[in-house]
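Subject: Structure for you to look over

Dear colleague,

Please find the structure below, with the sequence. My notes on the disulfides and the core follow.

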Amino acid sequence: MKQLNPSLTKLIIPFFTISALFLIPSTSAQTCRTACGNQPIRYPFGSGPGCGDPRFQGRITCDEAQQMLTLTTHTGCYPITAIDYAAQVIYISDPTMSTCVCSQSSRGFGLDWDAPFSIHENTIFALLDCSTSASPIYSPAAPGNSSFSSSPLCDAAGTSICSFLYSCHAISMMNQPISTCCVYTPVDLGPAYEMDLGKLKCSSYSGFYSFDGQEVDPDRWKYGVALKYKFNVYNEYPSSCAKCERSGGACGYGGAYGTFVCSCPDGGLNTTSDCFFGASWSETSGHIPAPHTGTWASLRSVVSILSLVMIRAP
């Protein structure tokens, strides 16, 4: 049996030690995507378990079939049409909402009581086709008087909005008087921002967050719901997350305590810092850092080649 040259043996040991690092199993590898279709995904949102902020996990998800982000609440699943990351606002659409294009029945809209969102102050709701005799938004004008008047739940300044909405062909097809329309402001929706049209005895609603400079043309209004969110109690963007995203990674969490990890695009490996070559190994996820460039992959190839050469050496 041939023996290796002693000088060559000294080289083999460190090379095999380095090579062994690449064989560490990645049992909990998690690749966090930075986009869903054409929509960019940034903190605090994520593409799946272990991505983004855990408070938003399960509420904001990527619909693989439609290739778009969606918001899920107890009242339904809503497509996210846009996210203004600078203003911390997401915009959703409700397929059951009535607009100038289409009027239809709806169950309403509500946020979960523990959802990390609040309705943006620019959002305006108009309840449509409400029963003037049974809806709680209307109350008797005076004791013993059978006539009804609008309650404080309706914004008196919204009368013109109702008029413009009922000028739409689709909404006018309801064949209901404008008096059955109530502009319902978000502050009146309660702590959970619940709009239960069944309890309110209204058949539909319309929501929009901008007149788009055309207050008298409801065809031009931005229909949907605008929602605000905060990063944390102090609303501070985590510096570690900003560093991770600058390196091309996606912010996530892992381990028993949900500690911060940076998910890198090369191989789905996680680090506790960023995706540049100097990133540290994440003990919480048990992964070796993936570099921002191809240096790491090149080094791995070189080590493999040198190992083969030394093994075959006489």
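The link of Cys241 and Cys251 is right-handed, with 105 degrees about the S-S bond. The sulfur atoms of Cys241 and Cys251 are 2.0 Å apart. Buried means under 20% relative accessible area; Cys241, at 1%, therefore counts as buried, and so does Cys251, at 4%. Please keep in mind that the model is predicted, so these values are computed from predicted coordinates.

The disulfide of Cys264 and Cys275 has the left-handed form, because the torsion about its S-S bond is about -100 degrees. It links distant parts of the chain: Cys264 is in the loop between β18 (259–263) and β19 (270–271), and Cys275 is in the loop between β19 and α6 (295–312), 11 residues apart. The sulfur atoms of Cys264 and Cys275 are 2.2 Å apart. Both Cys264 and Cys275 are buried.

Cys100 and Cys168 also form a disulfide, with 1.7 Å between their sulfur atoms. This pair, too, links distant parts of the chain, 68 residues apart: Cys100 is in the loop between β6 (89–92) and β7 (108–110), while Cys168 is in the loop between α2 (159–165) and α3 (169–172). Cys100 has a relative accessible area of 10% and is buried; Cys168 is buried as well, with 4%.

By the distance rule for sulfur atoms, the count comes to nine disulfides. Two further cysteines are not buried. Cys77 is partly exposed, at 45% relative accessibility, and Cys102 is partly exposed, at 34%.

In soluble globular proteins, nonpolar side chains tend to be buried together. Here the largest nonpolar core has 59 residues, and those with the most contacts inside it are Phe45, Ile90, Phe117 and Leu127. Strand β9 (residues 124–130) gives the most to this core, with five residues.

Which residues does Phe45 touch, leaving out those up to four places away in sequence? They are Gly52, Phe56, Ile60, Ile83, Tyr85, Ile90, Phe117 and Tyr229.

Regards

Note on methods
Residues are numbered from 1 along each chain as its sequence is written. This is a predicted model: local features need pLDDT of at least 70, side-chain atom pairs count only at pLDDT 80 or more; totals for chains, interfaces and linings use all residues. Side-chain values use heavy atoms; hydrogens and water are left out. A nonpolar core is a set of buried Ala, Val, Leu, Ile, Met, Phe, Trp, Tyr and Cys residues joined through side-chain atoms within 4.5 Å. Buried means under 20% relative accessible area, exposed over 50%, partly exposed in between (1.4 Å probe, protein chains only). Helices (H or I, at least four residues) and strands (E, at least two) are DSSP runs, numbered from the N terminus. Contact means heavy atoms within 4.5 Å. A disulfide is a pair of cysteine sulfur atoms within 2.5 Å.
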